[in-house]
Amino acid sequence: MSNSNVPENNKSQPASSAELIARTELLDMVPYQSARRLFSSKSNTGASSKIWLNANESSGPGLYQLSGQCINRYPDFQPDDLIQGYADYANLNTDQVLCTRGADEGIELVIRTFCQAYQDSILICPPTYGMYAISAENHGADVIKVPLINSDQGEMQLDVDAICQQVGKVKVVFLCSPGNPTGNLLSASDIETVITAFKGSAIVVVDEAYIEFAPEHSFADKIDQYDNLVVLRTLSKAFALAGLRCGFTLANSNIIELLSKVIAPYPVPAPVAEIAINALAPEQLLQTQIRAQESNQLKTSLSAWLESQTWCQKVYPSDANFVLFRTDYKDDIFKLLLSQGILIRDQSKQLQLDNCLRISIGSERELNLVKQIISQQLVVNR
Ligand SMILES: *Cc1c(COP(=O)(O)O)cnc(C)c1O
């Protein structure tokens, strides 16, 4: 006789946030069993296969050769050396790391995994990175906006109370820290409050595309602590590999397993894996660290210069590789630089950012040219 008060759930562990939040059809879904997923190049099936006739590839090497691998074969689903390399870098286990085509694909995967189309919503905090809303709209998910608010330090920070009022109404919360286009880190305690509030009801994504410029503030080391936390990373910014299209999604293994069902069967091209593995080797990591430090120095001096200019009304604090500022001469500066072949970004269409421009930290020579052109040619008539 079964006791009717006890739910028929013989699992000893409570359900993870991943299980509770995911689209239900994904829980039992078996991902496409690609040839390389069934038998990876380093698979432990016992037999060391040398003759591969299971994936309709060409057996010959063809035109292009890589140092590590023959490119006539499909790549591994998630190449071991690459995942190990990033796991070491982020100080995580390999089952907490998924390699994607840029962080942008990570954004899309989280939405597709956790939002039921035409039913569920995401939450964003504008001004913020544009792809969260684009990916949501592409998938048919609604976008709830809880704008950032100005802190006492003149930074834009989370409206934690307003965000927490949306518990139960959204499936994914996107936080960007350091923020794009704002530049500053979000308060760590605010982020933790949000993650805790949405436990079991929403995935909280902390987008760390710029974390190498403020590495001590990463949330990656909190992945064991919070089962609804996802951290997004990329090789596009500090690693100087935007053309590679390589990013990483970091989360507990339950979440990574679900995302792995939704991602394409061969998401990591072999040449991408080879270059990314090199970029994660110790001597290259050191180069990236040095590049980030140099960028930070140039940023500090660009911010100071902007602060000293009469035409500049506000310089936003930046923990990233760009500086956002407000000026009544927004159009004049944009057009002046454009006429000299220099592109900066107009952010004035973003919520709360009227008259704001964003300059990426280029080389010292490039930034000096920007300063020189503005100093010599901007007509300030006030
Ligand atoms: C650049 C950027 C990304 C996208 O990075 P990719 O890896 O190039 O796709 C994601 N989030 C933020 C905040 C970014 O600025």
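## Burial and surface

In this predicted model, 50% of the 382 residues of the chain count as buried. The chain exposes about 19000 Å², and carbon and sulfur atoms supply 49% of that area.

Charged side chains number 30 positive and 42 negative. The centres of these two sets lie 5 Å apart.

## Overall fold and dimensions

The chain contains 13 helices and 13 strands. Among contacts between residues at least 6 apart in sequence, 68% join residues at least 24 apart.

Taken along the principal axes, the C-alpha atoms fill a box of roughly 80 × 65 × 35 Å. The radius of gyration is 23 Å, which agrees with the value near 21 Å that a compact globule of 382 residues would have.

## Helix α9

Helix α9 covers residues 253-262. Because seven of its 10 residues are buried, α9 is largely enclosed by the rest of the structure. Buried here means under 20% relative accessible area.

The buried positions of α9 are Ile255, Ile256, Leu258, Leu259, Ser260, Lys261 and Val262. An α-helix has 3.6 residues a turn, so residues three or four places apart point the same way.

At the start of α9, Asn252 makes a contact with the backbone. A side-chain oxygen of Asn252 reaches to within 2.9 Å of the backbone nitrogen of Asn254.

Methods
Residues numbered from 1 in each chain as written. Predicted model: local features only at pLDDT ≥ 70, side-chain atom pairs only at ≥ 80, totals over all residues. Heavy atoms only, no water. Helix = DSSP H or I, 4+ residues; strand = E, 2+ residues; numbered from the N terminus. Rg over C-alpha atoms; globule rule 2.2 N^0.38 Å. Buried < 20%, exposed > 50% of the residue type's maximum accessible area, 1.4 Å probe, protein only. Contact = heavy atoms within 4.5 Å. Areas by Shrake-Rupley, 256 points an atom, 1.4 Å probe, with all protein chains shown as cover. Lys, Arg positive; Asp, Glu negative; His and termini not counted. Charge placed at Lys NZ, Arg CZ, Asp CG, Glu CD. Polar contact = N/O pair within 3.5 Å; in protein donor to acceptor, adjacent residues only side chain to side chain.
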